[in-house]
Every structure is written in C-alpha cells, then in structure tokens.
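Come along as I look things up, one entry at a time.

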Amino acid sequence: MKKVMLMVAFMVAAVAASAQVYVGGGIGFSSEKKVYLDGTPEPDAITKFHLTPEVGYNLSDNLAVGIGLGINYGKQVDTKNTGFEIAPYARWTFVKWNKVSLFLEGGLAYGFDKTKSEYESGNQTISTETKNAYFKIGVKPGLRVDLTDHVALMTRVGWFGYECTMPDGDDMNNGSRFGLDVDGENLTFGLLYSF
C-alpha cells in the first residue's frame, strides 16, 4: 500500500511540474466613510475584507485558465455582511517586459451574500436579515511581477462588465448594472506559486 501511495504522489508531482499548474490567491481590504448630501460625514466607516484563493493552469505563455473562490466580509456598526462566490476565468497576457507583464482577465462569477442587522427599538433588539444571489460577467485588468521562477506578485485593478442581483424575498425586485468600477473594492493583491 505504501508503494502505491508513493507512486501516486510521484505521478501527481510529475504531472503538476509539467502541466504549469499554479495556486495562489488575493486579498482585498477597504474602509469607506460616506458623506451625506448636506455635507456631514457618516459617523461610522464601512469596512470590507475579501479573500480569493485560486488554482489555474497555464495553457501557453500568454493564456491561462483557472477558478477562484471569493470569501467576503463587511461590517458597519451592527450591520454585518458575509458572502461567497465561485469564479472561473481566462487570463490573457498581452504585454511582457522582462519580469513584468500586463494581463486582462475575463470571467464569470456566481455567488451569494447575507446581510444581518441588529438595532435597539425601545426595550427590544430587532434583527433583520436579507439574502442575495448574484451573477457577474466582466473583465479585470492586472499586473504580474515574477519575483522568482516560481513565485509571482499579482494585482488586479478595476472591473468592467455586467452584474445581476437576485434578492431572496417576495417583495424585492431583481437589480442589474453595467459599467466600470475602479475603486478600493476592486483592487486586490495576491501571490501565485507555479509548480
């Protein structure tokens, strides 16, 4: 049995080495304080954090395919938002300068999120919860810097595409938007390790 397990481990390592498989992920953080129409700032900031582990396969020097998972968390006072998404993508590298390259990443994402709020009303604590599912399709530009033969630093800046939100409630309507976002919520940094 040990010989079989050793042989399987050796075969997986050999395939991974020749297949240009990579693993990695990104991390994002934003803190935002909104300003009301009358010019007064909102007293509490909205803090958001997301983690995006990924695995992929280099088809060639300029084309890769992969899948990422998104884990999101946000908080403002007594309101918390959590979410999860799955996002397959294709990455096309269109410019390379030594160890630096620019790419476009086109992909889909399907996910869901839940927002839970608690507030005091008289002698009672009132809790509300809303759930949404969403679908996105779009393009993200990015930058990759190869630190070593196996390790690369990556960043993605912005998003251009379409998003559809489907709330989980009888009295709520679906929403959609199309556009370009270049803000703190669409900026991620990450590392990739290529086998």
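**Entry 1: salt bridges**

I began with a count, and the structure holds six salt bridges. By salt bridge I mean a side-chain nitrogen of Lys or Arg within 4 Å of a carboxyl oxygen of Asp or Glu.

A note to keep at hand: this is a predicted model, where local features need pLDDT of at least 70 and side-chain atom pairs count only at pLDDT 80 or more, while totals for chains, interfaces and linings use all residues. Residues are numbered from 1 along each chain as its sequence is written, and side-chain values use heavy atoms, with hydrogens and water left out.

**Entry 2: around Arg156**

I looked up Glu54 and found its side chain in a salt bridge with that of Arg156, at 2.8 Å from N to O. The two sit 102 residues apart, Glu54 in strand S2 and Arg156 in strand S7 (residues 151-157). Strands here are DSSP runs of E, at least two residues long, numbered from the N terminus.

Next I checked Glu105, which also forms a salt bridge with Arg156, the closest N and O atoms being 3.0 Å apart. Glu105 lies in strand S5 and Arg156 in strand S7, so this pair ties together parts 51 residues apart in sequence.

Are these residues buried or exposed? I use buried for under 20% relative accessible area, exposed for over 50%, and partly exposed for in between (1.4 Å probe, protein chains only). Glu54 counts as buried because its relative accessibility is 9%. Arg156 is buried at 8%, and Glu105 is buried at 7%.

**Entry 3: Asp146**

I found Asp146 in a salt bridge with Arg144, with the closest N and O atoms 2.8 Å apart. Asp146 counts as partly exposed, because its relative accessibility is 24%.

**Entry 4: Ser117**

I located Ser117 in strand S5 (residues 100-121). Ser117 has 16% relative accessibility, so it counts as buried. Its side chain makes a polar contact (a pair of N or O atoms within 3.5 Å, one able to donate a hydrogen and the other to accept it) with the side chain of Thr79, at 3.1 Å. Contact in general means heavy atoms within 4.5 Å. Beyond four places in sequence, Ser117 is in contact with Asp78, Thr79, Ile126, Ser127 and Thr128.

**Entry 5: Pro43**

I finished in the loop between strand S1 (21-32) and strand S2 (46-58), where Pro43 has its place. Pro43 counts as exposed because its relative accessibility is 59%.

Technical notes:
Helix = DSSP H or I, 4+ residues; strand = E, 2+ residues; numbered from the N terminus.
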